[in-house]
Amino acid sequence: MCRACPRLVGWREEVAGTKRRSFQDQEYWGRPVPAFGADQPRVLIVGLAPAAHGANRTGRMFTGDRSGDWLYAALHRAGLANQPTSVHAGDGLELRGTRITAPVHCAPPANKPTPSERDTCQPWLARELQIVWPGLRAVVVLGAFGWEAFFRTLAAAGIPTPQKVAFAHGAEVDVDGRIVIGCYHVSQQNTFTGRLTEAMLDEVITRAVSVARL
Ligand code: SF4
C-alpha cells in the first residue's frame with residue numbers, strides 16, 4: 001500500500017480511527033482509494049481527491065457523501081450509471097463505459113492537497129492514462145486542481161500536450177484526438193451556492209456522452 005505522502009497517510013488513518021459520530025459503527029477504508037468504473041472506458045472523469053468521510057470511509061470514489069450524490073445522479077440521468085445513488089462499495093453500482101479517477105488518491109485535510117502531494121501521486125495517474133488512453137474519447141475534469149494536474153500528467157504519460165488552456169466550466173481542449181471538458185467540481189461549496197447547477201452538470205456529461213458515442 002502506498003505511503004509516499006506522510007501528511008496524507010497520517011490524515012487518512014487519523015480520520016479512519018476517530019470517525020464521524022454518525023459513522024461510528026462503520027469500518028473506515030482509510031487507504032488510497034482506487035479508480036472506479038470501466039477498465040476500458042470511453043469517458044474518464046477526473047476529480048480532486050477522496051473526501052475524508054466519503055471515499056476515505058467507503059473505499060470507492062465519490063461514494064457516501066453529497067458530492068457523490070450529485071455526480072452519480074447526473075451519470076444516471078445520462079445513462080452512464082445503473083442507479084442514481086452511491087452509498088457503499090457493495091451497493092451494486094455499475095458504470096457504463098465510464099471510469100472515475102483522481103490525481104490524488106488519499107484524503108487530504110480540508111480537501112486541499114499540496115502541489116508536492118499532487119506531484120508525488122502523479123505516477124499513478126500517468127500509468128492509468130497510458131492504459132486507458134487508446135479507447136478514451138472524452139475526459140471530464142472536475143475543478144481547477146484536477147485540470148492543472150491532468151494537463152501536467154500528460155507528458156509523464158507520453159501523451160502529446162497541447163498549449164495550456166485556463167480552466168473554465170465548459171472549456172474544451174482537443175488532446176491527441178480526445179475532447180477534454182472542464183466542469184466546476186461537484187463539491188458542496190459549488191452545489192449549495194448554485195455555482196454549479198444540475199443543468200450545468202448535465203450539459204457537460206451529455207456533451208461527453210455525445211463525443212464518446214455512448
Ligand atoms: S496520495 Fe498518492 S502518492 Fe500519496 S500516499 Fe496516497 S496513493 Fe501514495
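Helix 1 (6-18) and helix 4 (115-132) each supply at least two residues of the shell around the ligand. Helices here are DSSP runs of H or I, at least four residues, numbered from the N terminus. The model is predicted: local features need pLDDT of at least 70, side-chain atom pairs count only at pLDDT 80 or more, and totals for chains, interfaces and linings use all residues. Residues are numbered from 1 along each chain as its sequence is written, and side-chain values use heavy atoms, with hydrogens and water left out.

Around the ligand stand Cys 2, Ala 4, Cys 5, Leu 8, Arg 12, Pro 32, Val 104, His 105, Cys 106, Thr 120 and Cys 121, each with a heavy atom within 4 Å of it. Eight of the shell residues are nonpolar, two polar and one charged. Ala, Val, Leu, Ile, Met, Phe, Trp, Tyr, Cys and Pro count as nonpolar, Asp, Glu, Lys and Arg as charged, the others, Gly among them, as polar.

Helix 4 also meets helix 5 (residues 144-156). Their contact (heavy atoms within 4.5 Å) includes Arg 118, Leu 125 and Leu 129 of helix 4 and Phe 145, Phe 150 and Leu 154 of helix 5. The contact residues divide into eight nonpolar, three polar and four charged.

Methods
Axes are lines fitted to C-alpha atoms, for helices over the stretch in contact, and angles run from 0 to 180 degrees between N-to-C directions.
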